[in-house]
Amino acid sequence: MNFRKTILLWAVTLLVTTGSAFAQVKKKPAPTKRTTAAIKQQAGAVTAAALPVDPNVIVGKLPNGLTYYVRANNQLKGKAQLMLVNKAGSVLETEAQRGMATLIQRMAFNGTRDFAKADMASYLTKLGIKYGPDINAITSFDETIYQLSVPTDTPKVFANGFSLLANWAARINFDAAALSAEKTTLAAQAALGGKNAEDRLQQQTLPVLLNKSPYAYRMPMGTETTVKGFTEAAVKSFYADWYRPDMQAIIAVGDFDPKQVEEQIKFNFSSLRNPSPAKPQPQYTVTPTAGTTVKIATDKDFNYTLFQVIVKHPQAIVKTQADYLQSMRITLFNQILNTRVTELTKIPAPPILFGQAAYADFIGKQDAFSALAVVNSPQSLEAGVKAVMAEVLRARKFGFTVTELERAKQIALSQITNAYNAKDNTPPANFAGDYERNFINKQAIPGIDFEYNYYINNIGKITLAEMNALAARLISDQNRVILLEANDAQKGNLPNEQTLLKWVADAGTGLTPYVDDSSTPFMAALPTPGKVETMKVDSTISVTTVTLTNGIKVILKPTTFTPGQILIAGYSFGGTSLAGDQDFLSANIAANIVSNSGVAGFNQTQLVKMMRDKSFSITPYISDITQGVSGYAVGDSFEPALQLLHLYFTSPRKDAEVWKTYISQAQSALTRNANAPGSVYQDTVLAVLGNYSPRSMAATADKLNAASLDKAYDFYKARFADASNFTFTFTGDFSVNAIIPYLATYLGSLPSTNGKETFKNLGIHPSAGQVTKTIYKGAGNKATVQLIFSGDYNYNDENNTQIDALEEILNIRLVDSLKDGNGIYSPGVRVNYGKNPEGRYKVTLSFLADVDGVDKATAYILNEINKLKQNGAADNDVKLFIARQARTIQSQYKQNTFWQATLTTSAQNQEDPDKILSRVQDPGQVTQQSTKDAAIRYLGGNNLIKIILLPEKK
């Protein structure tokens with residue numbers, strides 16, 4: 001399962017997944033009895049022997065050299081994940097070919113030998129895929145991947161998935177007109193330096209990060225000059241050279257017979273041929289650099305100030321048991337150090353907005369240690385740099401503590417234990433990702449049985465001395481790059497290279513060893529328990545509803561979907577609707593302030609440390625019409641989760657430093673986003689949809705200055721003062737009898753006044769009539785458009801079914817906009833409807849369009865809507881909606897999140913929860929006539945808002 005997280009560290013950001021979302025294991029779990037003695041022996045000894053291959057996956061190779069991976073997996077009934085992996089990325093391009101790998105990937109969706117563009121669009125839409133550029137494929141430096149999620153219960157549709165992959169592998173058409181259009185689009189994006197600020201910053205930083213190697217100059221986007229110069233012959237030549245079976249793999253994971261799938265692969269791919277002679281695949285590396293290199297980069301649309309230090313190391317491939325043990329050490333290293341850095345965001349007056357640290361995979365056959373900090377502004381940069389670097393250098397100089405290591409081991413054991421327990425529930429995409437890495441990088445795929453036993457037999461052998469030595473080696477000042485990225489407007493406020501290096505050096509002076517505070521219980525004494533007043537069992541959906549003596553209602557849904565997991569949600573009506581307009585901002589941020597202030601006598605820093613060895617999250621919230629809590633707990637963290645929940649009701653904490661920091665950061669964000677096109681556009685959308693109510697308008701500096709901590713805190717306390725109006729839902733791995741005592745203790749003891757409070761309907765919704773709003777911000781060659789229909793809504797099962805169908809059918813119809821050359825990109829339809837505070841619906845059609853083609857694109861979409869109003873949906877589209885809805889719901893029935901959300905919504909709307917089981921649509925409910933009626937009712941055009949974002953006029 002690749003427990004050393006495979007992460008690509010880009011120059012702009014670092015995404016790290018740690019094991020902190022798993023329960024603490026108080027003792028080492030027992031090895032699985034189902035593992036053979038041979039595997040037990042292998043997993044218990046640290047050797048240089050090669051890791052085994054998971055026996056549950058069929059790995060084969062066709063005579064033409066194509067590799068395949070096939071694994072049965074029924075986590076999603078009737079579905080499979082298919083993937084074509086090509087070792088054909090942008091690093092294979094010559095200087096004149098820059099951008100060619102991406103162009104070919106895009107051409108794959110413009111038609112192949114056996115799939116015309118229209119047929120392909122129709123097929124992908126039937127799979128439920130939001131069809132559009134770059135949606136189903138991605139090109140990186142070393143590979144191009146195409147992926148499909150296909151139904152396996154329809155043999156023809158399933159078989160066509162393999163046929164389509166084979167067509168992408170060797171049979172792309174390269175239609176001249178389509179090639180010209182894709183070249184124009186790609187060249188325009190390349191001329192801008194990429195799609196966004198991150199792309200443009202990478203173009204500045206990669207030559208430094210990758211030391212002028214071929215990787216440094218092979219951004220997949222290419223350049224405007226090279227893309228414009230591509231000839232059809234040159235593109236076909238690249239395709240013939242590098243899209244070949246000996247550089248390709250097919251991955252299939254899903255609910256199917258593996259032997260039959262193996263035959264499908266042989267049938268579809270055995271006829272593919274390698275070119276003769278085959279061009280040798282070049283292998284590039286990145287030459288190390290002595291000492292530290294600094295790069296300062298800015299961009300007009302980058303709205304943060306970001307510092308990052310990256311220390312590069314040779315790539316380590318996990319092939320042997322000794323390699324695997326080292327990867328376990330790195331997992332522990334990441335867990336400990338990232339926790340330290342993250343804590344910097346939780347202290348009073350935090351020096352950074354966001355921080356992370358980890359060692360992971362990098363670019364160009366390298367691994368890298370990286371630490372980053374995002375700060376409010378250049379003025380706070382020095383403090384942020386020194387704070388993060390102090391933790392990094394502290395770890396290098398003094399290493400870690402015994403308690404930190406033991407806690408990290410417990411988290412790692414918990415992670416592997418949960419993965420093992422949930423192995424029959426692992427999504428197909430997880431396995432497909434493991435096999436893709438095995439094909440590209442030769443990373444071992446020993447399987448969860450081996451990994452679980454290896455962990456529990458060997459993690460205890462990892463010593464503190466080994467971990468400290470690892471930290472000293474990974475956190476080096478050689479082959480190191482320091483990046484500083486900010487907005488163009490901040491250039492004059494940024495330090496120079498010498499100053500930045502001095503800050504880094506100064507951070508290492510006067511350091512002392514890290515102190516790991518001992519844990520403290522949340523509650524010194526438990527509250528006096530309440531009692532269960534009534535208990536009602538609904539055997540139809542296996543739900544028990546409990547009423548406690550203080551009036552709290554608790555809905556319990558035991559499941560076995562995710563071992564150890566319990567989802568927690570609670571709500572009551574009221575929310576910010578009960579605050580006056582003048583106090584709205586204080587009320588609106590009240591829950592955020594409290595949730596970052598700690599509880600009782602513990603500030604947030606102390607609270608975070610107390611939670612480090614536990615696996616749960618509890619967050620209070622206040623929305624427009626409700627207040628409540630949401631979260632989860634895993635394993636033996638359930639009781640601490642309820643204790644924290646209890647304290648958020650009874651002992652919320654008011655922290656002036658947290659308030660000061662929040663307001664300061666909000667003020668900085670206003671300045672940072674004042675001219676950011678996306679932020680300005682979104683603020684405008686919210687204002688227009690709220691009919692310019694003060695509550696729908698973006699915050700201003702004056703409003704922030706007028707907000708009050710006392711008002712926020714008092715509003716929060718008032719919202720949680722009466723628990724009698726609350727309804728809680730618990731979904732997951734528990735028994736009703738076992739959970740009742742905890743509910744009585746921590747929920748039954750909450751204060752109750754029987755106030756019968758509810759929300760106010762403030763009537764905030766889009767205005768009637770037709771409104772057009774155009775915003776001119778930023779640069780680019782695409783416009784962002786939203787068409788929004790809205791109105792009153794009668795919330796009931798029949799209407800809900802019809803408007804759901806309307807959403808799906810509109811998405812299907814808009815696929816035509818992609819194949820008919822209407823200048824429409826990434827179209828999508830989203831329907832929102834609700835009962836509270838009043839019945840309202842909203843249908844949002846969003847898309848990108850050519851800057852000079854907005855009117856044409858809008859007219860096309862409105863014309864499609866008129867066709868639907870005149871004729872209704874095609875019979876095939878209706879059948880497709882019904883079949884897709886049935887598959888979706890069958891999958892949802894096995895998810896805790898589905899039951900949690902649905903049971904909570906049913907309670908809020910006072911609906912019969914048993915109707916959950918009837919959600920699979922009756923074919924008679926959705927018809928051609930019903931879709932016509934729904935289109936007339938909900939897309940009438942009397943209430944239509946158009947909001948358009950265009951680049952600034954030159």
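Glu232 and Lys236 are separated by about one helical turn, because they sit 4 residues apart in helix 8 (residues 232-242). Helices (H or I, at least four residues) and strands (E, at least two) are DSSP runs, numbered from the N terminus. The side chains of Glu232 and Lys236 meet in a salt bridge, at 2.8 Å from N to O. A salt bridge is a side-chain nitrogen of Lys or Arg within 4 Å of a carboxyl oxygen of Asp or Glu. Glu232 is partly exposed at 32% relative accessibility, and Lys236 is partly exposed at 37%. Buried means under 20% relative accessible area, exposed over 50%, and partly exposed in between (1.4 Å probe, protein chains only).

The model is predicted: local features need pLDDT of at least 70, side-chain atom pairs count only at pLDDT 80 or more, and totals for chains, interfaces and linings use all residues. Residues are numbered from 1 along each chain as its sequence is written, and side-chain values use heavy atoms, with hydrogens and water left out.

The chain holds 31 helices and 23 strands. Its radius of gyration is 29 Å, close to the 30 Å that the globule rule gives for 954 residues, so the chain is as compact as a globular protein of that length. The radius is taken over C-alpha atoms, and the rule is 2.2 Å times the number of residues to the power 0.38. Along the principal axes, the C-alpha atoms fill a box of roughly 85 × 75 × 65 Å. Of the 954 residues, 56% are buried. Among contacts (heavy atoms within 4.5 Å) with a separation of 6 or more, 84% join residues 24 or more positions apart.

Opposite charges can pair when the charged atoms of their side chains come close. The count of salt bridges comes to 35. One of them joins Arg218 and Glu95, with the closest N and O atoms 3.6 Å apart. Arg218 lies in the loop between helix 6 and helix 7 and Glu95 in the loop between strand 3 (79-86) and helix 2 (100-107), so the pair ties together parts 123 residues apart in sequence. Arg218 is buried at 10% relative accessibility, whereas Glu95 is partly exposed at 46%.

Asp516 pairs with Arg612 in a salt bridge, the closest N and O atoms being 2.4 Å apart. This pair links distant parts of the chain, 96 residues apart: Asp516 is in the loop between helix 16 (497-507) and strand 12 (532-538), and Arg612 in the loop between helix 19 (604-610) and strand 16 (616-622). Asp516 is buried at 16%, and Arg612 is buried at 9%. Salt bridges also link Arg200, Asp299, Lys300 and Asp301 in a network.

Backbone features follow. A cis peptide bond joins Ser276 and Pro277, with omega about 0 degrees. Pro277 is in the loop between helix 9 (258-269) and strand 7 (292-299). Asn836 and Pro837 are also joined by a cis peptide bond, with omega about 0 degrees. Pro837 lies in the loop between strand 21 (824-834) and strand 22 (840-850). Asn211 is not a glycine, yet has a positive phi of about 50 degrees. Asn211 is placed in the loop between helix 6 (197-209) and helix 7 (224-228).

Met120 lies in helix 3 (residues 117-126). Met120 is buried, with a relative accessible area of 0%. Beyond its neighbours within four places in sequence, Met120 contacts residues including Phe109, Leu164 and Trp168.
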